[in-house]
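Please look over the sequence and the structure shown here before reading on.

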Amino acid sequence: MIENIFGIASAVAEETAAVAGAEGEVAQVSPVAALATTFLPLILIFVVFWFMLIRPQRKKDKQVKEMLNNLKAGDRICTIGGIYGTITGLKDDTVTLSVGKDNLSMVVARWAIRSVEEVTIENDAQELN
């Protein structure tokens, strides 16, 4: 792809030189055309990086931030360490979890929560922990 861009730029420069040569003038490339051929690949690389890397990462970060702000007591979560638990309390930067059969209390950082699990209880006898 980059070779095509450079090929187009060199073809434009050759065409400009041919037209100027046909008129009997000295072939001179305008400074604007020289700058355009120099910076065009850099601009295209930035655009590709924007749409392939930066934009999707910002979208993902926004979803994670929204998920962390919408946490509430009773949500079933998974931490980044793989611990599953139910939220029993929330503070500014910490979350208190109920973990295991004995409902052990555990305090984790809010940023350490990976996901909120979709739990459906089919009968009243089923336990979450």
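Strands β1 and β2 run antiparallel and are joined by 3 bridges, where two strands pair if DSSP finds at least two bridges between them, and where strands are DSSP runs of E with at least two residues, helices being runs of H or I with at least four residues, numbered from the N terminus. The model is a predicted one, in which local features need pLDDT of at least 70 and side-chain atom pairs count only at pLDDT 80 or more, while totals for chains, interfaces and linings use all residues. Residues are numbered from 1 along each chain as its sequence is written, and side-chain values use heavy atoms, with hydrogens and water left out.

Within this pairing, Ile77 has Gly85 in β2 as its bridge partner. The hairpin of β1 and β2 has 4 residues between the strands, and Gly82 takes a positive phi near 90 degrees there.

## Chain overview

The protein chain has 2 helices and 5 strands, and from the N terminus on these elements follow the order α-α-β-β-β-β-β. Of its 129 residues, 19% count as buried, a term that means under 20% relative accessible area, with exposed meaning over 50% and partly exposed in between (1.4 Å probe, protein chains only).

The accessible surface of the protein chain comes to about 10100 Å², and 60% of this belongs to carbon and sulfur atoms; such areas come from the Shrake-Rupley method with a 1.4 Å probe, and for residues only the protein chains shown count as cover. Among contacts between residues at least 6 apart in sequence, 39% join residues at least 24 apart, contact meaning heavy atoms within 4.5 Å.

The 5 strands form an open sheet in the order β4-β3-β2-β1-β5, with antiparallel pairing. Its edge strands are β4 and β5 (113-116), each of which pairs on one side only. Neighbouring strands of this sheet are turned by 45 degrees against each other on average, direction ignored, with axes taken as lines fitted to C-alpha atoms (for helices over the stretch in contact) and angles running from 0 to 180 degrees between N-to-C directions.

Strand β2 (residues 84-90) pairs with strand β3 (residues 94-99) in the antiparallel sense over 4 bridges, and Gly89 has Thr96 in β3 as its bridge partner; these two strands form a hairpin with 3 residues between them. β3 in turn pairs with strand β4 (residues 104-109), again in the antiparallel sense, over 6 bridges, and here Leu97 stands opposite Met106 in β4. The hairpin of β3 and β4 has 4 residues between the strands, and Gly100 in the turn has a positive phi of about 80 degrees. Asn103, in the loop between β3 and β4, has a positive phi of about 55 degrees although it is not a glycine, and this residue counts as partly exposed because its relative accessibility is 47%.

## Helix α2

Helix α2 (residues 31-69) has a kink of about 45 degrees centred on Trp50, the bend at a residue being the angle between axes fitted to the seven residues ending there and the seven starting there. Buried residues in α2 are Pro41, Met67 and Leu68.

## Core and contacts

The largest nonpolar core is made up of 10 residues, namely Met67, Leu68, Leu71, Ile77, Ile87, Val95, Leu97, Val99, Val108 and Ile113; a nonpolar core is a set of buried Ala, Val, Leu, Ile, Met, Phe, Trp, Tyr and Cys residues joined through side-chain atoms within 4.5 Å. The elements that give two or more residues to this core are α2 and β3, and β3 gives the most, with 3 residues. In soluble globular proteins, nonpolar side chains tend to be buried together.

Not counting residues up to four places away in sequence, Leu97 touches Ile77, Thr79, Thr86, Ile87, Thr88, Leu104, Ser105, Met106 and Val108. Thr79 is found in strand β1 (residues 76-79) and counts as buried because its relative accessibility is 4%. Leaving aside neighbours within four places in sequence, Thr79 is in contact with Leu97, Ala112, Ile113 and Arg114.
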